[in-house]
Structures are given as C-alpha cells and as structure tokens.
Amino acid sequence: QVQLVESGGGSVQAGGSLRLSCAASGYTYQTYCMGWFRQAPGKEREGVASIYTEEDSTYYADSVKGRFTISQDSAKNTLYLQMNSLKPEDTAMYYCAAGFYGYEPLCRRLGTSDFGSWGQGTQVTVSS
C-alpha cells in the first residue's frame, strides 16, 4: 500500500504558475511509475504527466507539453508538477497516482487503469 497526499492547488489567473506536490508514504519501493491526472466537472479523468521512476523518464499529454514539468525527489518521496502558462482549460481536480508495474510502456501511456494508488486530489482553478 502506498499513501499519497497532494498539495499546492489554488486559484490563479491565466498565464500564471502553480506547483503541485505529492507526498508518498508506505511501500514506496514498489512504485515504478508516478503520475498526475486531472478531472474537470462532467469529464473523464485524463492523464497529464508521468515519470518512470527507475529511469527518471518523463511523459506528457499533448495538451500540457512545453508548459508542465513532472519531477521527483526520491529522498523525500515527493512528486512534483510545475505548471506554467496556465489556461482556463487546465481547471480541474488534480490527482497524484502510483503505478506498480515495472513496465515502461504502461507508464508512458498514462492510462488510469495502470495506476493502483490514488491521492484525494487538489483543486486547480484558472480564471481568464
């Protein structure tokens, strides 16, 4: 079991920045992939970014490439999502997730079914 707690959400104007954090505890050594997902009202949860922890390889949804950066601090068991040039369409609840499959393609495809532990989420609101 891995427990995940997100923080750092808030309200910001378009063009602004936020940094989300996700603190992991428990059996973190079983985690091969960490990801950020988001869900807007009335929409399905979608993958935003992921990191294959053993290789530090990162992957992004097309909608956030060049604006968002995922990173990890292994010593602190913390995952980050730096979000720049935010747009109103980035407004959503953002979730941190942990995947336990040691298979990089599953991390890259950002599928919700490939992640076994989820945080409670942190709200990001971007106004125009």
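Residues are numbered from 1 along each chain as its sequence is written, and side-chain values rest on heavy atoms, with hydrogens and water left out. Because the model is predicted, local features need pLDDT of at least 70 and side-chain atom pairs count only at pLDDT 80 or more, while totals for chains, interfaces and linings use all residues.

In soluble globular proteins, nonpolar side chains tend to be buried together. A nonpolar core is taken here as a set of buried Ala, Val, Leu, Ile, Met, Phe, Trp, Tyr and Cys residues joined through side-chain atoms within 4.5 Å; buried means under 20% relative accessible area, exposed over 50%, and partly exposed in between (1.4 Å probe, protein chains only). The largest core holds 27 residues, of which Trp36, Leu81, Met83 and Tyr94 touch the most other members. At least two residues of this core come from each of strands E1 (2–7), E3 (18–26), E4 (33–39), E5 (46–52), E7, E8, E9 (92–99) and E11 (122–127). Strands (E, at least two residues) and helices (H or I, at least four) are DSSP runs, numbered from the N terminus. A second, separate core has eight residues, including Cys33, Phe37, Tyr52 and Ala97. Returning to Met83, its contacts (heavy atoms within 4.5 Å) beyond four places in sequence are Gly16, Ser17, Leu18, Leu20, Arg67, Phe68, Tyr94 and Val124.

Grid points are joined across faces, edges and corners, and a volume is the space filled by probe spheres set on the points. The largest pocket has a volume of about 230 Å³. Its lining comprises 13 residues, and those closest to the pocket centre are Thr28, Met34, Thr53, Gln72 and Asn77. Strands E7 (68–73) and E8 (78–83) each contribute at least two lining residues. By class, this lining has five nonpolar, seven polar and one charged residues, where Ala, Val, Leu, Ile, Met, Phe, Trp, Tyr, Cys and Pro count as nonpolar, Asp, Glu, Lys and Arg as charged, and the others, Gly among them, as polar.

One cavity of 30 Å³ or more was counted. The volume of the largest cavity is about 40 Å³, and Cys33, Gly99, Phe100, Tyr101, Leu106, Cys107, Asp114 and Phe115 line it. Six of these lining residues are nonpolar, one is polar and one is charged.

Several residues form polar contacts (pairs of N or O atoms within 3.5 Å; within protein, one must be able to donate a hydrogen and the other to accept it, and residues adjacent in sequence count only if both atoms are side-chain atoms). Thr78, in strand E8, is buried, with a relative accessible area of 14%. Its side chain reaches the backbone oxygen of Lys76 at 2.9 Å. Beyond four places in sequence, Thr78 touches Ser21, Cys22, Ala23, Ser71, Gln72 and Asp73. Tyr60 belongs to strand E6 (residues 57–60), and its side chain reaches the backbone nitrogen of Ile70 at 2.9 Å. Glu104, in helix H1 (residues 104–108), is buried at 19% relative accessible area, and a polar contact of 2.5 Å joins its side chain to that of Tyr59.

Met93 lies in strand E9 and is partly exposed, with a relative accessible area of 24%. Although Met93 and Ala40 are 53 residues apart along the chain, 6.3 Å separates their C-alpha atoms.

Most residues other than glycine have a negative phi, and most peptide bonds are trans. Asp56, in the loop between E5 and E6, has a positive phi near 60° and is partly exposed at 47%. Ser85, in the loop between E8 and E9, also has a positive phi, of about 50°, and is partly exposed at 40% relative accessibility.

Conventions
1 Å grid on protein atoms, 1.4 Å probe; cavity = no way out; pocket = protein on both sides within 12 Å on 5 of 7 lines; lining within 4 Å.
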